[in-house]
2 protein chains.
Amino acid sequence: MQEAPEEPSAAIIRAWGRLIRAERTVVGRIEAELKSAGFPSLHWYDVLLELKRGPEGRLTPREIEEAVLFEQYNLSRLLDRMEKEGLVRRVPYPGDKRRQLVEITEEGKALQWRMWSVYGAAINRFISAKLTDKEAGQLSALLLKLIQE
Amino acid sequence: MQEAPEEPSAAIIRAWGRLIRAERTVVGRIEAELKSAGFPSLHWYDVLLELKRGPEGRLTPREIEEAVLFEQYNLSRLLDRMEKEGLVRRVPYPGDKRRQLVEITEEGKALQWRMWSVYGAAINRFISAKLTDKEAGQLSALLLKLIQE
DNA sequence: CTGTTTTTAATGCAATTGCATCGACATTGA
DNA sequence: TCAATGTCGATGCAATTGCATTAAAAACAG
């Protein structure tokens, strides 16, 4: 008979289950709000926001991947779709022909802004309403430990 | 110019960003372990575990959906695949021909068990190593607030 | 009852994601 | 300097997911 793994504690297992469930619940609710307002998904928003924050509204695909944890091939195709919609533009990367810079367009910035009005409100409804700022700080600190290393 | 939404606080936004990132990070790591051990994805595991816990290893699809927060059509097809692999079996629901019962097979139970040896170890590596039980308890309590209502 | 509404699960088809690999270029090391 | 190795982004194809709808049966309302 096979040896059981060193069992994670009940507290750890419960926290893990809740992490999954909380993420699915909140993402689901927020995505539903965005969709019903006629907006694209959170993934699009994430990319737009990262770009907007980047220097001159530009980042390389690798930088975007790293920021939002998308797979390389998924991002490549997401950028195709976003480019087709005129939200971003791919421009050459000076001094390295393998790379490229993805640049947010004015239209992209405008969309990010309009989405934020819905997204921010959804965050209020589904998160701010449930946690105080103090609790949010505690949550951040705990989650940071999971992300690190 | 459009009115900004009642801005979520910086603390709330940070917590939300970390929730997404922590979930993606940990799920990504655990999925990678499962895959490299030749196992199917966490979704399969989730279904197997819920069924194993259910009365006589049986639940209706609706009950599974509710437990794991899958979409109805996704679960329907996931069950197709699992049934084809002999992990579950669909049986009639007594007294209601619309419904059905999904029953875990011995093979399904065995797979759940074998997966747990890898999954539990991964939880140890990626969660237990980062959080004490006390911290896990705090995290659970905070996440619960997000799930509720 | 009987027609209407609701619940449950499945499915055709489009969109997205995952996997493996490729082609182009850059970097490294002998 | 040039062959080997590594990095970056794209892409063909398979698998999965999302969307809209359907069929079947149950629950409900008059």
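**View 1. Chains A and B superposed by rotation.** In this predicted model, chain A is brought onto chain B by a rotation of 180 degrees with 0.0 Å of shift along the axis, at an RMSD of 0.0 Å. The two copies are thus related as by a two-fold rotation axis.

**View 2. The surface through which the copies meet.** Of the interface residues of chain A, 100% are also interface residues in chain B, so the copies meet through the same surface.

**View 3. Helix α1 of chain A against helix α6 of chain B.** The axes of α1(A), residues 10–36, and α6(B), residues 133–147, come within 8 Å and cross at roughly 25 degrees. Angles under 35 degrees count as roughly parallel, which makes α1(A) roughly parallel to α6(B). Their crossing is left-handed. On α1(A), the residues in contact include A:A11, A:I12, A:A15, A:L19, A:A22 and A:V26, along with A:R14, A:R18 and A:R21. On α6(B), they include B:D133, B:A136, B:L139, B:L143, B:L144 and B:I147, along with B:G137 and B:S140. Sorted by class, this contact has twelve nonpolar, three polar and four charged residues.

**View 4. The protein surface near DNA strand C.** DNA strand C is surrounded by 23 residues, of which the closest are A:K97, B:P61, B:R62, B:Y73 and B:S76. Two or more residues each come from α4 (72–84) of chain A and, in chain B, from α3 (61–68) and α4 (72–84). The class make-up of this surface is twelve charged, six polar and five nonpolar residues.

Technical notes
Residues are numbered from 1 along each chain as its sequence is written. Chains are lettered from A and ligands numbered from 1 in the order in which they are written. This is a predicted model: local features need pLDDT of at least 70, side-chain atom pairs count only at pLDDT 80 or more; totals for chains, interfaces and linings use all residues. Copies are superposed by least squares on the C-alpha atoms of residues with pLDDT of at least 70 in both. Two residues are in contact if their C-beta atoms, placed from the backbone, lie within 7 Å. Axes are lines fitted to C-alpha atoms, for helices over the stretch in contact, and angles run from 0 to 180 degrees between N-to-C directions. Helices (H or I, at least four residues) and strands (E, at least two) are DSSP runs, numbered from the N terminus. Angles under 35 degrees count as roughly parallel, over 145 as roughly antiparallel, 65 to 115 as roughly perpendicular and the rest as oblique. A crossing is left-handed if the near helix is turned anticlockwise from the far one by less than a right angle, and right-handed if clockwise. Ala, Val, Leu, Ile, Met, Phe, Trp, Tyr, Cys and Pro count as nonpolar, Asp, Glu, Lys and Arg as charged, and the others, Gly among them, as polar. A residue is near a molecule or strand if its C-beta atom, placed from the backbone, lies within 6 Å of it.
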